[in-house]
Structure formats: C-alpha cells, structure tokens
Amino acid sequence: MKKVIVLLFLILGATSLSYSQELKTLVSGKWFVDSMKIGNEKFEFSDGKNWLELSPDGRYHVMMSNKEENGTWKLITDAKELEFDNESFEENLKIEKISETMLLVSARNKETIYTMWLKK
C-alpha cells in the first residue's frame, strides 16, 4: 500500500511540474501589445512599438509608450499569475487566456481593472 501511495505522489508531482514547465514555455517570448483596457476605456496598439519580452530565465524587457524597462519575473502556476519585480508592474498579472499566439492578462488596482491583449 505504501508503494502505491508513493507512486501516486510521484505521478501527481511529475504532472504538476510538467504543466508548470509547459505554461512557462508558452508564456516565454516576445509579446506585442494589441490593445489595453483600463476601466471602461480601450486603447489600440497596432504599430508594434509596445511589447513585453519574457525570457525563460526569469528576465523581462518591456517597451511601453517609448519607455523601456527591465527586471525579473516569475510564474505562479497555481494562481496562473505573472509576478514582476516592482519596477514595471505594481500588481501581478493574472493569465486569463493563453495560446501560442495570444495572451490575455488582467490586474486590479483598487477599483480599476486593467486588461491587456498581447500577440506574438
């Protein structure tokens, strides 16, 4: 019985680790801001000049409104959130949807909800 329980924990741990690695691989890369919604206001960014690059080694580089910033990030798998150092983002970004070409994230600051659509 002990062997079965240990085997079950090993399988669950491997599955969780695999999901975490798969999500981190999917999130990593250069994402171009397509649009952003702050409260009820929506802004379009189709010129490719605003982007967020997430490296698998935990570094990021962001360009927004001609302002560049660098820092570190990590994935909080259980919450499906991206946590950044305090330089660029005050709140964690919640991953709402993700595919190989589209990333939808949101954050809440007091009563305002921020939503950002990004594309690869």
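## Close-up views of a predicted model

Figure 1. Where pLDDT is low, the predicted coordinates should not be read in detail. This is a predicted model in which local features need pLDDT of at least 70 and side-chain atom pairs count only at pLDDT 80 or more, while totals for chains, interfaces and linings use all residues. Residues are numbered from 1 along each chain as its sequence is written, and side-chain values use heavy atoms, with hydrogens and water left out. The mean pLDDT of the protein is 83, with 81% of its residues at 70 or more. The secondary structure amounts to one helix and nine strands, taken as DSSP runs numbered from the N terminus (helices H or I, at least four residues; strands E, at least two).

**Figure 2. The aromatic pair of Y60 and F84.** Rings of Phe, Tyr and Trp (its six-membered ring) pair if their centres lie within 6.5 Å, and planes under 30 degrees apart count as stacked, over 60 as edge-to-face and the rest as tilted; by this rule the count comes to one aromatic pair. The ring centres of Y60 and F84 are 5.1 Å apart and the planes stand at 85 degrees, so the pair is edge-to-face. Because Y60 belongs to strand β4 (residues 59–64) and F84 to strand β6 (residues 81–84), the pair ties together parts that are 24 residues apart in sequence. Y60 is buried, with a relative accessible area of 3%, and F84 is buried as well, at 7%, where buried means under 20% relative accessible area, exposed over 50% and partly exposed in between (1.4 Å probe, protein chains only).

**Figure 3. The surroundings of W73.** Not counting residues up to four places away in sequence, W73 touches K24, V27, S28, L54, S55, G58, R59, Y60, L82, E83 and F84. K24 lies over the face of W73, at 5.6 Å from the ring centre, and K30 lies over the face of W51, at 4.0 Å from the ring centre; a charge sits over a ring if NZ of Lys or CZ of Arg is within 6 Å of the ring centre and within 35 degrees of the ring normal. S28, found in the loop between α1 (2–27) and β1 (29–38), counts as buried at 9% relative accessibility. Leaving aside neighbours within four places in sequence, S28 is in contact with L54, S55, P56, W73 and K120.

Figure 4. S65 has its place in the loop between β4 and β5 (67–76) and counts as exposed, at 61% relative accessibility. The C-alpha atoms of S65 and N50 are separated by 6.7 Å, although the two residues are 15 residues apart along the chain. E81, by contrast, is found in strand β6 and counts as partly exposed, at 21% relative accessibility. Beyond neighbours within four places in sequence, E81 is in contact with K74, L75, I76, N92, L93, K94 and I95.

Definitions and conventions:
Contact means heavy atoms within 4.5 Å. pLDDT is the predictor's confidence in each residue, from 0 to 100.
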